Amino acid sequence: SIFSSQLLTLIDETNRLREAKEPLRMDYITDDRLSYVMSEVNDLKEAWNTVSPYAERLEKVAATLVKDFNATTIRKQVEEIINDMKSKISNKIRSYAAVEALSEKLQKYLAQQPVIRDLASEAMKDRHWKSLLDKMRITEPLKNVTLGLIWESNALQYRKFIQEVFTTAQGELALEQFLADLREQWNTREFTLAIRDQTKI
């Protein structure tokens with residue numbers, strides 16, 4: 001917008017200069033460089049205006065809190081943005097850096113989906129997240145940790161550690177479930193006392 005405003009001022013000054021030279025019969029060299037620059041600036045604005053809604057959609061997905069993680073939903077939302085960009089953005093606009101940068105970011109985030117799937121598991125408790133966040137050098141409290149923070153920490157480089165924590169979490173969850181089932185069985189079990197031949201059975 002600043003460049004557009006400056007260009008309009010320059011074009012106006014150039015036109016007034018030409019108009020002042022004509023009555024004086026002074027030579028004036030026609031130069032259309034400013035119109036070319038204005039065309040480029042307009043194309044850039046169009047590129048940013050085109051990519052902006054997709055970037056805003058991605059920001060909403062990135063704002064998902066840890067407690068609301070759903071790997072399937074996250075994958076679907078990212079894939080929808082990628083597909084919409086492919087089908088709705090023209091080839092001319094697609095070549096601009098803003099569009100390319102957003103496309104690369106989306107592909108990078110999509111590549112982290114296997115890790116996000118593990119992190120979205122119900123087996124992941126606060127204690128598991130604490131060790132993960134320490135390892136990933138994320139200093140935010142767990143309640144404020146978003147998908148965007150996980151994405152930007154490049155979770156793939158911690159994949160092995162995440163897999164270890166996830167495996168431990170799954171084992172603990174299975175054990176907790178087993179103990180809960182065992183407790184329920186014993187709490188609901190009834191014993192009947194009978195006396196036979198003066199023996200309590």
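Visitor: What makes D134 and K130 about one helical turn apart?

Guide: In this predicted model, both residues belong to helix α7 (residues 126-135) and are four residues apart, so D134 and K130 are separated by about one helical turn.

Visitor: Why is the contact between D134 and K130 called a salt bridge?

Guide: The N to O distance between the two side chains is 3.5 Å. The cut-off is a side-chain nitrogen of Lys or Arg within 4 Å of a carboxyl oxygen of Asp or Glu, and therefore the pair qualifies. Salt bridges that share partners also join R127, E172 and E176 into one network.

Visitor: Why does K130 count as exposed?

Guide: The relative accessibility of K130 is 55%. Exposed means over 50%, so K130 falls in that class.

Visitor: Which classes do K67 and D68 fall into, and how do you know that they form a salt bridge?

Guide: The side chains of K67 and D68 meet at 3.5 Å, N to O, and the limit is 4 Å, so the pair is a salt bridge. K67 has 67% relative accessibility and counts as exposed, because the threshold is over 50%. D68, at 44%, counts as partly exposed, because that class lies between 20% and 50%.

Visitor: What links R57 and D84?

Guide: A salt bridge of 3.0 Å, N to O, joins their side chains. This pair links distant parts of the chain, with R57 in helix α2 and D84 in helix α3 (residues 71-88), 27 residues apart. R57 has a relative accessible area of 30%, and therefore it is partly exposed rather than buried, which would require under 20%.

Visitor: How many salt bridges does the structure hold?

Guide: The structure holds eight salt bridges. Side chains of opposite charge can pair when their charged atoms come close.

Visitor: What makes the group around F178 a nonpolar surface patch?

Guide: The patch consists of L175, F178, L179, L182, W186 and F191, and covers about 680 Å². Membership requires over 30% relative accessible area and no salt bridge, with nonpolar side chains joined within 5 Å. F178 itself is located in helix α9 (residues 159-188).

Visitor: What lines the largest pocket, and how are its residues classed?

Guide: The pocket holds about 160 Å³ of space. Its lining includes I11, Y28 and L34, along with R18, D31, D32 and R33. The lining residues divide into three nonpolar, four polar and four charged. Helices α1 (2-21) and α2 (33-62) each supply at least two lining residues, and α1 gives the largest share, four residues.

Methods: Residues numbered from 1 in each chain as written. Predicted model: local features only at pLDDT ≥ 70, side-chain atom pairs only at ≥ 80, totals over all residues. Heavy atoms only, no water. 1 Å grid on protein atoms, 1.4 Å probe; cavity = no way out; pocket = protein on both sides within 12 Å on 5 of 7 lines; lining within 4 Å. Points joined across faces, edges and corners; volume = space filled by probe spheres on them. Nonpolar A, V, L, I, M, F, W, Y, C, P; charged D, E, K, R; others polar. Patch = residues over 30% accessible without salt bridge, like charges linked within 9 Å, V, L, I, M, F, W, Y side chains within 5 Å. Areas by Shrake-Rupley, 256 points an atom, 1.4 Å probe, with all protein chains shown as cover. Buried < 20%, exposed > 50% of the residue type's maximum accessible area, 1.4 Å probe, protein only.
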